[in-house]
Amino acid sequence: MRSRLVRRPGGARAAVGAAPDAFDRRLIAPMILGSVLNPVNSSMIAVALVPIGTAFGAPPAQTVWLVSALYLATAVGQPVIGRLVDTYGPRRLYLAGTALVGVAGLLGALAPSLGALVGARVLLGLGTSAAYPASMQLTRREAERTGRDSPAGVLTALAVANQTVAVIDPALGGLLIGAGGWRAVFTVNVPLSAACLVLGALRLPGEPGPARQAETGGTREASRAPGASVPRNTHGGRPRRDVDLPGMVLFAGTLVSLMLFLMQPRADRWYLPVLAVAAGAAFAVRELRAAEPFVDLRVLGGNVPLLATYVRQLLGYTTTYAFMYGYTQWLEEGRGLGASTAGLVLLPLSGTALVVSTLTGRREAVRAKLVVGAAVQVAACAVLLLTGARSPLWLLLLAGVLMGIPQGLIGLANQNALYRQADPARIASAAGLLRTFMYLGALAASAATAGYFPRRADTGGLHGLALFMVAGSVLLLVSSVPDRSLSRLTPRKP
């Protein structure tokens with residue numbers, strides 16, 4: 001019998017006739033569609049950088065800001081919105097974020113200059129920051145509701161969806177550019193945003209009413225602190241967390257100053273790293289003193305395994321994004337392929353990642369995935385050192401196949417590790433911060449790409465970038481092999 005939706009007092013929705021001990025499958029579609037908005041805008045832009053540069057007369061060192069702008073925005077936006085999700089619930093932030101994606105897509109499609117296009121990418125980064133922490137919060141709530149801790153299938157569905165998008169996006173981006181020009185890769189966000197809004201409005205649960213929140217939220221607070229009452233500073237019975245605006249500004253200032261220097265490291269720009277260090281120190285002092293910090297450094301300092309997971313996320317995705325953007329630009333400029341052909345050459349990479357995620361997703365095996373992924377990453381980067389302007393097609397495809405294996409292992413392993421290591425009460429914030437470290441890797445990759453391709457993506461620059469990627473992959477391998485705690489991660493009670 002089909003379940004129907006009813007609205008409980010206070011706005012929460014429940015499925016009548018749905019199994020009380022099973023994950024609510026109505027949530028999966030909006031969770032998946034929302035979570036793929038960021039990879040959609042990450043993958044397709046890779047084949048659009050060269051056409052955009054041609055349209056505006058900009059070299060790779062300038063068009064790379066289309067990548068950096070998105071990831072600077074998401075690096076700040078993910079933990080900010082994760083904290084808001086923990087405070088106000090996933091529905092509101094999901095709907096607001098996906099609506100912003102549609103607005104940004106429309107602005108990008110109409111952008112008259114490279115600067116305006118960069119602005120649209122900033123809005124895209126902020127808008128796409130909502131769905132992932134919202135999905136992790138929903139997953140945790142379902143575990144609490146059902147009394148069952150079985151997130152592997154749901155987390156794998158999210159990972160496989162992202163890999164599926166990565167499979168089709170480079171080729172789709174090339175086809176869209178061939179049919180409607182590079183602006184089409186921005187226009188595609190408008191219908192995707194509309195679909196997310198419809199699914200989110202229909203299927204995502206609202207927040208429980210004050211009475212219910214006082215009952216459940218107060219019980220959870222009491223369980224963590226016996227004898228403690230529910231704090232007065234509440235939102236409908238749930239403890240309210242203030243937004244740490246100064247911490248957010250200092251965090252953003254640190255990243256922007258550092259990126260401005262790394263994109264063009266020159267002696268006359270010495271003040272930028274000094275500003276980054278000063279802002280970073282002020283950020284640390286602020287966060288250690290704030291009652292409700294933007295990034296709780298005290299909690300992170302006491303959770304070494306979670307810190308290690310964040311570092312591995314940074315290392316893994318630095319190589320992933322350096323390959324995605326650097327290799328793609330080299331295929332078009334160094335190897336002389338068109339945007340559509342370059343997108344097709346990348347299909348084996350994403351296809352391999354999809355297959356690997358699907359086959360290994362239901363087994364967490366965090367340590368094994370990290371070790372194997374890092375080792376294969378080293379091999380894939382070594383293949384890049386053999387490529388040249390006349391390399392045969394099979395060698396170009398081999399590099400993508402090898403890089404697809406770690407892409408299907410590392411991100412999912414870190415996601416499963418975080419789910420076990422993070423404080424359940426801050427799961428959305430922790431998940432947002434995991435994505436922040438992912439995007440910090442993308443920013444490092446952007447800076448490296450700009451450094452190795454100052455004027456054009458030639459073969460010498462690709463080989464230098466490959467050595468940079470080898471170094472990061474080796475560090476990932478060295479950090480994963482001796483960490484026995486990864487093998488002892490086990491399901492915990494919700």
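Helix α18 covers residues 366–384, and its 19 residues should span 27 Å at 1.5 Å a residue; the end C-alpha atoms are 27 Å apart, which agrees. The expected span is 1.5 Å times one less than the number of residues. Helices (H or I, at least four residues) and strands (E, at least two) are DSSP runs, numbered from the N terminus. This is a predicted model: local features need pLDDT of at least 70, side-chain atom pairs count only at pLDDT 80 or more, and totals for chains, interfaces and linings use all residues. Residues are numbered from 1 along each chain as its sequence is written, and side-chain values use heavy atoms, with hydrogens and water left out.

**Confidence and overall make-up**

- The mean pLDDT (the predictor's confidence in each residue, from 0 to 100) is 80, and 84% of residues reach 70 or more.
- Over residues 1–18, pLDDT stays under 50; the model has 36 contacts beyond four places in sequence for this stretch.
- Residues 209–239 also stay under 50 in pLDDT, with 37 contacts beyond four places in sequence.
- Contact means heavy atoms within 4.5 Å.
- The secondary structure comes to 21 helices and four strands.
- Of the 494 residues, 56% count as buried.
- Buried means under 20% relative accessible area, exposed over 50%, and partly exposed in between (1.4 Å probe, protein chains only).
- Among contacts between residues at least 6 apart in sequence, 82% join residues at least 24 apart.

- The buried residues of α18 include V366, L370, A374, Q377 and C381.
- R367 and K369 are also among the buried residues of α18.
- The cover over the buried residues of α18 includes α15 (304–333), α17 (347–360), α19 (393–421) and α21 (459–480).
- Helix α21 has 22 residues and reaches 31 Å from its first C-alpha to its last, close to the 32 Å expected at 1.5 Å a residue.
- Buried residues in α21 include T459, L462, L465, M469 and L476.
- The buried residues of α21 pack against α15, α18, α19 and α20.

**W330 and the aromatic pairs**

- W330 sits in helix α15.
- Its relative accessibility is 0%, so W330 counts as buried.
- W330 and R456 are 126 residues apart in sequence, yet 8.4 Å apart in space, C-alpha to C-alpha.
- Beyond its neighbours within four places in sequence, W330 is in contact with residues including R335, T387, L396, D458 and L462.
- The structure holds nine aromatic pairs.
- In one of them, the rings of Y327 and W330 have centres 6.0 Å apart and planes at 15 degrees, so the pair is stacked.
- Rings of Phe, Tyr and Trp (its six-membered ring) pair if their centres lie within 6.5 Å; planes under 30 degrees apart count as stacked, over 60 as edge-to-face and the rest as tilted.
- Y327 and W330 both lie in α15, three residues apart, about one turn of the helix.
- An α-helix has 3.6 residues a turn, so residues three or four places apart point the same way.
- Y327 is buried, with a relative accessible area of 0%.
- Ring pairs also link F56, W182 and F186 into a cluster.

**Salt bridges**

- A salt bridge is a side-chain nitrogen of Lys or Arg within 4 Å of a carboxyl oxygen of Asp or Glu.
- By this rule there are two salt bridges.
- D483 and R312 meet through their side chains at 2.5 Å, N to O.
- This pair links distant parts of the chain: D483 is in the segment after α21, R312 in helix α15, 171 residues apart.
- Both D483 and R312 are buried.
- D24 bridges to R26, with the closest N and O atoms 2.6 Å apart.
- D24 and R26 are both buried.

**Nonpolar cores**

- A nonpolar core is a set of buried Ala, Val, Leu, Ile, Met, Phe, Trp, Tyr and Cys residues joined through side-chain atoms within 4.5 Å.
- The largest core has 105 residues, of which Y321, Y327 and L418 touch the most other members.
- Helix α20 (residues 427–452) gives the most to this core, with 13 residues.
- Not counting residues up to four places away in sequence, L418 touches M136, L306, T309, Y310, I427, A430, A431 and L434.
- A second, separate core of nine residues includes V366, L370, A374 and A417.
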